[in-house]
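Thank you all for coming.

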Amino acid sequence: MPKVSIILSSYNHAKYIAAAIESVLNQTFSDFELLIFDDGSSDGSQEIIRAFDDPRIKLFLYEKNRGPYYAIQEPLKNSRGEYIAFHHSDDIWEPDKLSAQVEFLDANPQYAVCFTQVKFIDESGAPYDLPVTHPYKNIFRQKNRSREEWLNHLFWRSNCFCNPSMLARNEREIFSLNACLWQLPDYFMWVKLCARRNVYVLERELIRFRLRREAQNSVSSLSLEKSIRVSNETYFTAREFFSLTGDAEEFLKIFPEAQKYLTGGEILPEFALAKLCLEHHLPAYRKLGLEKLYELLTDDKTAAAIKKLYGYDEKIFMKDTGAVDVFGIKFQVPLLHSCLYVDFGAGFSEENSLRELVQIGAGGAFFAKFSCPMKGSVRQLRFDPDDKNLMLIRLTKILVNGVEVTDFSSNAQQIDDGWHLFLSNDPWFLINCETAGAELSVEILGAVDQNPLPKIESLFVQQNEKIQSQAEIISDQTAELSTIKGVESLARQWYRLSKALKESIKKIVG
């Protein structure tokens with residue numbers, strides 16, 4: 001019986017498969033079996049694989065592509081080694097990879113899996129020093145952690161283990177494969193693994209992990225379909241973390257940041273984890289957080305316990321469902337990035353500013369509402385509707401603490417029939433009002449022209465016609481008063497200015 005079973009997965013890597021196999025056969029540790037499965041390659045990979053003649057090799061060559069989950073099942077069931085390793089057909093092992101890992105696991109029975117550090121190579125096999133912005137730059141460069149710390153890292157940072165660097169004890173519970181996951185099967189497996197067993201990462205770089213420099217390959221690998229699937233599979237994997245909420249003491253070891261939900265020595269781990277999910281940077285986790293809170297609050301007994309311990313109820317949940325944008329509504333509807341500056345007597349400042357995303361409705365209508373505690377009497381307000389450099393907007397009603405205010409001005413370049421034309425990236429309306437009280441509430445109703453160019457062009461044409469008309473009048477007057485020095489020259493200047501303005505308008509409205 002071999003000490004190690006190596007399962008090498010192959011699919012359309014004819015250019016690299018020979019080097020991958022040779023890197024196994026050239027290992028200084030030789031007590032292994034090599035189980036190669038090819039998942040229906042169409043590029044001649046299987047012919048290359050058959051050319052290797054070594055009694056330690058066992059072949060599982062499939063005519064049709066079955067998918068990674070089903071393709072690996074047969075070689076996995078036939079593996080006989082005490083340890084098992086996965087290898088990919090485009091990566092290369094260093095000669096002493098197996099010997100270093102076998103030595104470690106033999107000496108440390110408390111660990112179920114041993115990974116290694118990684119060096120990157122490109123399509124030609126040359127060392128590849130990744131740019132700082134590359135997503136793989138430091139993903140596998142991990143310091144060792146406890147099982148609980150690994151789980152915390154997997155929760156907040158996603159996958160961090162290199163699959164083809166792994167050597168594991170050949171125990172079925174370690175390999176939690178999932179047929180429904182195509183993009184993130186490793187992530188799912190590591191979460192399940194760390195929930196039960198300890199893992200270790202050797203400091204040595206014992207695998208050469210291939211990444212392609214070619215831009216077209218990098219772009220093609222980030223297809224819209226894959227990106228959507230990654231988001232969904234992240235959600236499915238994230239659900240596994242709720243299996244860690246059974247024991248409060250263990251839960252707090254994994255999530256020390258949940259200490260803030262420890263009240264009087266009590267904690268409800270499921271509630272705490274749901275709230276942590278709402279803080280996550282990934283929408284999949286935030287969606288899961290809302291879903292779990294919904295489930296908890298629809299159970300009367302659990303809802304009562306949550307309200308008693310945290311004061312959290314359906315009304316607060318309503319606020320969360322209005323604030324946590326898991327479906328990306330902010331990117332699906334037109335919005336104004338509005339800001340209200342409040343002058344409490346010391347002028348306008350960022351400290352006394354309120355920012356809101358304001359939805360633009362049918363016909364361009366919008367309703368912006370701002371509220372905050374008063375810090376003194378209000379002298380003035382400044383409403384910045386957005387930071388666009390081309391806007392056509394009108395305000396139809398302004399209410400300050402319920403009282404309508406009509407005295408306002410703007411830095412618009414043109415005002416016509418109530419429409420304010422802005423050609424600045426800092427448009428603003430100055431609202432003159434004075435009010436006092438405990439709370440400040442400002443409501444602004446208005447409309448935005450979402451296709452302003454025709455109206456802007458019309459306004460400029462009208463303005464230009466007025467300028468030309470004035471210039472012609474001046475020119476006529478100048479002809480009559482030609483004896484007055486300098487007047488004729490001034491008229492010509494006015495006329496040239498109007499023509500230049502007309503050309504500028506054409507360029508602006510394009």
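Let me begin with a convention: a crossing is called left-handed if the near helix is turned anticlockwise from the far one by less than a right angle, and right-handed if clockwise. This is a predicted model, in which local features need pLDDT of at least 70 and side-chain atom pairs count only at pLDDT 80 or more, while totals for chains, interfaces and linings use all residues. Residues are numbered from 1 along each chain as its sequence is written, and side-chain values use heavy atoms, with hydrogens and water left out.

With that convention, the crossing of α11 and α13 is left-handed; helices here are DSSP runs of H or I with at least four residues, strands are runs of E with at least two, and both are numbered from the N terminus. The axes of α11 and α13 come within 11 Å and cross at roughly 160°, where an axis is a line fitted to C-alpha atoms, for helices over the stretch in contact, and angles between N-to-C directions run from 0 to 180 degrees. That angle makes α11 roughly antiparallel to α13, since angles over 145 degrees count as roughly antiparallel, under 35 as roughly parallel, 65 to 115 as roughly perpendicular and the rest as oblique. On the α11 side, Leu-290, Leu-293, Tyr-294 and Leu-297 meet Glu-314, Phe-317, Asp-320 and Thr-321 of α13, contact meaning heavy atoms within 4.5 Å. By class, this contact has five nonpolar, one polar and two charged residues, with Ala, Val, Leu, Ile, Met, Phe, Trp, Tyr, Cys and Pro taken as nonpolar, Asp, Glu, Lys and Arg as charged, and the others, Gly among them, as polar.

Helix α11 also packs with α10 (residues 269-278), at an angle of about 145° and with the axes 7 Å apart, and α10 passes α11 in a left-handed crossing. Among the α11 residues that meet α10 are Leu-290 and Leu-293, which also take part in the contact with α13.

Elsewhere, α5 (residues 147-157) and α6 (residues 185-194) pack at about 150° with their axes 9 Å apart, and are therefore roughly antiparallel to each other. Arg-147, Trp-150, Leu-151, Leu-154 and Phe-155 in α5 meet Tyr-187, Trp-190, Val-191 and Cys-194 in α6, a contact that divides into eight nonpolar, no polar and one charged.

On a 1 Å grid over the protein atoms alone, a cavity is a set of points where a 1.4 Å probe fits but cannot get out, and a pocket is an open set with protein on both sides within 12 Å along at least five of seven lines, lining residues having an atom within 4 Å of a point. Grid points are joined across faces, edges and corners, and a volume is the space filled by probe spheres set on the points.

The second largest pocket has a volume of about 360 Å³, and of its 16 lining residues the closest to its centre are Thr-321, Gly-322, Val-324, Asp-325 and Ile-329. Helices α11 and α13 return here, being among the elements that give two or more residues to this lining.

Finally, the structure holds one cavity of 30 Å³ or more. Strand β6 (residues 111-121) gives the largest share of the lining of the largest cavity, three residues, and the lining has seven nonpolar, three polar and no charged residues.
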